[in-house]
Amino acid sequence: MKEDKLVIGGHEFNSRFILGSGKYSMKLIDAAIKDAGAEIITLAVRRANTKEQENILDYIPEGITLLPNTSGARNAEEAVRIARLARELGCGNFVKVEIMRDSKYLLPDNAETVKATEILAKEGFVVLPYMYPDLNVARDLANAGAASVMPLASPIGSNKGLATKEFIQILIDEIDLPIIVDAGIGRPSQACEAMEMGAAAIMANTALATAGDLPMMASAFKSAIEAGRRAYLAGLGRMLTRGAAASDPLTGFLHD
Amino acid sequence: MIRGDIMDNRFFVDSEFLSEEALLKKHELENDPKSRKNHMEYLPGMEIIESDVCESVIKQMNSYDYNRYTASDVKAALQHDTCTIEDFKALLSPAAEPFLELMAERARLETSKHFGNTVYLFTPLYIANYCENYCVYCGFNCYNHIKRMKLTYEQIEKEMKVIADSGMEEILILTGESRAKSDIEYIGEACKLARKYFRMVGLEIYPVNTDEYRYLHECGADYVTVFQETYDSDKYETLHLLGHKRVWPYRFDAQERALRGGMRGVAFSALLGLSDFRKDALASALHVYYLQRKYPHAEMSLSCPRLRPIINNDKINPLDVHERQLCQVLCAYRIFLPYVGITVSSRESAAFRNGIVKIAATKVSAGVSTGIGDHESKYTGKDADADMGDEQFEIDDGRSLETMYKDIADEGLQPVLNDYLYV
């Protein structure tokens, strides 16, 4: 079997776990890297915009790809400004576009997200847009130059799992970009299920941040994601979900 | 409302420094309701906005009979995935008091879902304590004999430098409520200075019109705090006897004007202990709830100040709002509005604040002074030669930023100094 790499915007990664940024602590970042094997870590630019003694940037070791996000942006224009600021701060070319006009559920604004993606992709950013799983919007994002599409599984922080499963499956089937499932994954089993479906990677934060034993939960996610990925590669898609497969072909009687 | 079982605060204090004429006027205001202006009537220059939020809040508050709720209502409320207004009313009722530990557990879960283990730190900076109002419980009230002061721009900058050097990144600028002494331009300049030293600038000043909020936003402020004190307008009338603050509905709409003026977020509160705290807590949360539905992008937060002693009146206290009741209110807020910030100020003790950040609070102040121009002496121990103005109220928790940071970290929480960008 050839090496199984996650490729985003021409960059290769071995790990398919991405640490989100919502709840943060230095312990969480440590566990994500050491125990979950994360190679990509999301960073809220607004959180990095600090002079505090424990700057989150100081905790990111070399070799880890930073994925600055535009949280706090309420429209495309603000997201673009935050992305440019991230680049100035030395966070690299990756950016996760997230635009929210709702402080209660923090649901992404798909229309503004398409606009911001188009502008930032033209400026040379590797754009990973966070979105509500809608096929038409996902196509627009792909056409706008997105490097990946990041549909939400359920409301952010809810730990409710794959509430949008059917729609994420449609994106996986129809969009020729890595589909990274973001937001709402509460358990390793849910991460595993998304990977079995063909998701390219999982982004999680709260599930780890609110766990009793952080390092142990981080390693549980690592195993679950790897198991789901292997199951997908092994051909789970060919398994029948209804009834059983006959051991002899049902059409074996046909002769000419 | 008559509450025979509860002592009322004695607010009226006559200073020996007041002229006979001033005393006469003061006593007339205190004793003769007819001598006071109509508190529901706008003064010239006050913008009136069309809004249905106030009506929705007050209707709910007036019909709230908290004695009607039973233990089974409380249990049901705690079992629901989504806390309805009815559930919230049950959680605020006396029937919920025996369930405080269960409420705290649920509140902690909601807090961790929405905020993880983070606790934000900020500090207030009072730049002036002149006030044109007679609010009987407040140390800055115009009849209270205190040392008045307004910092110059140089003094403001010096104070800000001292605070910024301590590591603080979020500041809340406060003034007494005097448009004459602390006008919009003065406050705007203070915001511009603050933007140089801090990442986040909030304001707690007298309520202003939409265009003035817009100007202050352009100067660098992005968060507006206005305390309604009490949502019971009849009670409000008996506590705010003179000045523009007496106009209750203009104050109620302040947050909405601030949001229309482009501010990112707004903060709310009643001053618990002034009136019926259960009704005030209900109204505060519903004020947030209805405005959030109308302005879904806005960030909102609740505070929970209780009455404190002031200079020349050390007997003022929060009456029936003990720590248990305050904790109940905060847990109920968290369960009903899991996404809003909850701020607990230095009015509360270190022990209470250490406990409540683990349950519901997401923001605490540190290195606090409610006086004017005294940060250098308080932060560096230097005996500053500068003038200082008196304090608004006595604080309880005097911990510095450094101590607070360490204490929060020791509780297993993550102190955060900034999570904000001005865009």
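Student: How many residues does the contact take from chain B and from chain A?

Tutor: In this predicted model, the contact takes 24 residues from chain B and 28 from chain A. Two residues count as in contact if their C-beta atoms lie within 7 Å.

Student: Which elements give two or more residues to the side of chain B that touches chain A?

Tutor: They are helix 5 (100-115) and strand 8 (299-303) of chain B. Helix 5 of chain B gives the most, with 4 residues.

Student: How do the residues on that side of chain B divide into nonpolar, polar and charged?

Tutor: There are 9 nonpolar, 10 polar and 5 charged residues on the side of chain B that touches chain A.

Student: What makes a residue of chain B count as buried, and what percentage do?

Tutor: A buried residue has 20 or more other C-beta atoms within 10 Å of its own. Of the 423 residues of chain B, 55% count as buried.

Student: Which residues touch the most other members of the largest nonpolar core?

Tutor: That core has 216 residues, and Ala285(B) is one of those that touch the most other members, as is Ala32(A). Not counting residues up to four places away in sequence, Ala285(B) touches Phe88(B), Leu302(B), Tyr333(B), Phe336(B) and Leu337(B).

Technical notes:
Residues numbered from 1 in each chain as written. Chains lettered and ligands numbered in written order. Predicted model: local features only at pLDDT ≥ 70, side-chain atom pairs only at ≥ 80, totals over all residues. Nonpolar A, V, L, I, M, F, W, Y, C, P; charged D, E, K, R; others polar. Buried ≥ 20, exposed ≤ 12 C-beta atoms within 10 Å, placed from the backbone. Core = buried A, V, L, I, M, F, W, Y, C linked by C-beta atoms within 7 Å.
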